[in-house]
Amino acid sequence: FSSAGIRDLTRALGTLLLAVIGFATLGLAAGLLLRSSVLAVIVGFAYPLPVENIIEHLVPATRQWLPGSLLGVVGQGGTSYSSLGRAMVISAIYLAVVASLTATAFHRRDVTA
């Protein structure tokens with residue numbers, strides 16, 4: 001309950017919130033781009049969990065570049081293989097690209113209620 005403890009707790013909650021927002025943005029993009037909720041859920045769970053883990057174990061250097069792994073680093077507040085700042089910058093670039101692709105697809109799609 002010291003000021004350092006409250007500061008650390010606030011920082012941990014902030015980085016966790018950023019990671020959740022990042023994963024939510026990727027999930028939203030998958031749902032919009034794939035047009036099928038079942039396929040979006042399958043891709044949303046299948047890519048970051050087993051596929052990225054397989055890629056990371058086959059080529060360990062990719063751990064610093066894969067989006068799901070980087071969002072995990074943001075949620076952890078940094079790791080030994082990637083700092084928090086680096087993970088946040090690269091994740092922000094990935095999310096900006098995904099958000100712009102999703103916005104473009106949504107704008108071009110003929111959606112009528």
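Two residues are in contact when heavy atoms of theirs lie within 4.5 Å of each other. With that definition, the fold of this predicted model can be described from the whole chain down to single residues. Among contacts between residues at least 6 apart in sequence, 48% join residues at least 24 apart.

The protein chain has 4 helices and 0 strands, and its pattern along the sequence reads α-α-α-α. Taken along the principal axes, the C-alpha atoms fill a box of roughly 55 × 35 × 25 Å. The chain consists of 113 residues, of which 20% count as buried. Its accessible surface comes to about 7600 Å², and 72% of that area belongs to carbon and sulfur atoms.

Several residues of α4 are buried, namely Leu84, Ala87, Ile90, Ser91, Leu95 and Thr102. The elements that cover them include α1 (3-34) and α3 (67-76). Leaving aside neighbours within four places in sequence, Thr102 is in contact with Ala29, Leu32 and Leu33.

Helix α3 also has buried residues: Gly68, Ser69, Leu70, Leu71, Val73 and Val74. Their cover includes α1, α2 and α4. After α3 comes Gly77, whose phi is positive, near 85°.

A positive phi is also found at Arg35, where the value is near 65° and the residue is not a glycine. Arg35 belongs to the loop between α1 and α2. With 62% relative accessibility, Arg35 counts as exposed, since the class of exposed residues begins over 50%.

Attention may now turn to helix α2, which comprises residues 37-58. One of its residues is Glu56. Which side chain of opposite charge is nearest to Glu56, and how far away is it? The nearest is that of Arg63, 4.3 Å away. A salt bridge requires a side-chain nitrogen of Lys or Arg within 4 Å of a carboxyl oxygen of Asp or Glu. Glu56 has no salt bridge, yet it is buried. When residues up to four places away in sequence are not counted, Glu56 touches Thr62, Arg63, Leu66 and Ser69. Ser69 has already been mentioned as one of the buried residues of α3.

The surface of the model also carries a nonpolar patch of about 430 Å². Leu33, Leu34, Leu39, Val43, Tyr47 and Val51 make up this patch. Both α1 and α2 contribute, each supplying at least two residues, and the largest share, 4 residues, comes from α2. Val43, a member of the patch, is found in α2. Its relative accessibility is 36%, so Val43 counts as partly exposed.

Note on methods: Residues are numbered from 1 along each chain as its sequence is written. This is a predicted model: local features need pLDDT of at least 70, side-chain atom pairs count only at pLDDT 80 or more; totals for chains, interfaces and linings use all residues. Side-chain values use heavy atoms; hydrogens and water are left out. Buried means under 20% relative accessible area, exposed over 50%, partly exposed in between (1.4 Å probe, protein chains only). Patches are made of residues with over 30% relative accessible area and no salt bridge: like charges are joined within 9 Å, nonpolar side chains (Val, Leu, Ile, Met, Phe, Trp, Tyr) within 5 Å. Accessible areas come from the Shrake-Rupley method with a 1.4 Å probe; for residues, only the protein chains shown count as cover. Lys and Arg count as positive and Asp and Glu as negative; His and the chain ends are not counted.
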